[in-house]
Amino acid sequence: MNKQILLVACLFVAQLTFAQESISLFNGENLDGWINHGEEKWYVEDGELICESGPKGEYGYLSTEKFYKNFELTLEFKQEADGNSGVFIRSTFDGTKVSGWQVEVAPPGKDTGGIYESYGRGWLIKPDPEKDQALKMGEWNTMKIRVDGPKVTSWLNGVEMVHLEDEKIGEGEGAIALQIHDGGGIKVKWRNIELIPLD
């Protein structure tokens, strides 16, 4: 019995330690810790991080200054207007050309939660079509992305969207980034961007 109590206590302490490692990537006040790539609009309003198409309606990215390899990322997004965006992992930038992988954020029927390789192999995996029902267009959604070595899993509002194992992703190094798609007329809000390192 004493051994069982000790084991439970150790697990509890381990969980507390794990929870304490959570890092808030967005402070709710400004864009400290982030880098803007491109000419699209990124700003903070009422504690929310907002991306909005600029006059040119081109691609735009907001990336973390730091690189993150293995992690569990949780964030909330709310799509207004078109809502075509995404969350990039292990990515690097040359102007607005990105090398890395995107977990899709898009309007209904456009494969939110799927994984796309920009300037490379394109779509690596899309969610089953019936899972698209998990997306709440025009409302707050919670996305979780777990990246561990070559393994990537995405969840949308508690529904597992895709799981992928890919050697090339496993070798990747880079930042986390939010995207605004080209074409204009896009506006997406973000909040509660939290990361737990797995290293």
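**Strand pairing around β8**

Strands β7 and β8 pair in the antiparallel sense over eight bridges. Two strands are said to pair if DSSP finds at least two bridges between them. The strands themselves, like the helices, are DSSP runs numbered from the N terminus, with at least two residues (E) for a strand and at least four (H or I) for a helix.

Before I continue, a word on the source. This is a predicted model, in which local features need pLDDT of at least 70 and side-chain atom pairs count only at pLDDT 80 or more, whereas totals for chains, interfaces and linings use all residues. Residues are numbered from 1 along each chain as its sequence is written, and side-chain values use heavy atoms, with hydrogens and water left out.

To return to β7 and β8: the two strands form a hairpin with two residues between them, and Gly-95 in the turn has a positive phi of about 65°. Within this pairing, Thr-92 has Ser-99 of β8 as its bridge partner. Strand β8 also meets strand β9 (residues 115–118), to which four bridges join it in an antiparallel arrangement. Here Gln-102 stands opposite Tyr-116 in β9.

Is strand β8 mostly covered or uncovered? Seven of the nine residues in β8 (residues 97–105) are buried, and the strand is mostly covered. In this talk, buried means under 20% relative accessible area, exposed means over 50%, and partly exposed lies in between, with a 1.4 Å probe and protein chains only.

**Two loop residues with positive phi**

Asp-46 has a phi near 55°, a positive value in a residue other than glycine. Its place is in the loop between β3 (41–45) and β4 (48–52). Asp-46 is exposed, with a relative accessible area of 72%. A positive phi near 70° is found at Asp-111, again in a residue other than glycine; Asp-111 belongs to the loop between β8 and β9.

**Aromatic rings**

A pair of aromatic rings is described by the distance of the centres and the angle of the planes. The rule takes rings of Phe, Tyr and Trp (its six-membered ring) as a pair if their centres lie within 6.5 Å; planes under 30 degrees apart count as stacked, over 60 as edge-to-face and the rest as tilted. How many aromatic pairs does this rule give? The count comes to five.

One of them is Tyr-61 with Phe-93: the ring centres are 5.3 Å apart and the planes stand at 55°, so the pair is tilted. This pair links distant parts of the chain, with Tyr-61 in strand β5 (residues 60–67) and Phe-93 in strand β7 (residues 85–94), 32 residues apart. Tyr-61 is buried at a relative accessible area of 2%, while Phe-93 is partly exposed at 21%.

A further pair is Phe-77 with Trp-190, whose ring centres are 6.1 Å apart with planes at 50°, so this pair is tilted. Phe-77 lies in strand β6 (residues 71–81) and Trp-190 in strand β15 (residues 186–197), so the pair ties together parts that are 113 residues apart in sequence. Both Phe-77 and Trp-190 are buried. There is also one aromatic cluster formed by Tyr-59, Tyr-61, Phe-88 and Phe-93.

Charges may also sit over rings: this requires NZ of Lys or CZ of Arg within 6 Å of the ring centre and within 35 degrees of the ring normal. Lys-97 lies over the face of Tyr-119, at 5.3 Å from the ring centre. Arg-191 lies over the face of Trp-140, at 3.8 Å from the ring centre.

**Salt bridges**

Side chains of opposite charge can pair when their charged atoms come close. A salt bridge here is a side-chain nitrogen of Lys or Arg within 4 Å of a carboxyl oxygen of Asp or Glu, and a search of the whole structure finds ten.

Among them, Glu-80 and Lys-189 meet at 3.4 Å, N to O. Glu-80 lies in strand β6 and Lys-189 in strand β15, so the pair ties together parts that are 109 residues apart in sequence. Glu-80 is partly exposed, at 23%, and Lys-189 is buried, at 15%.

Arg-121 forms a salt bridge with Glu-117 at 2.7 Å between the closest N and O atoms, and with Asp-166 at 2.9 Å.
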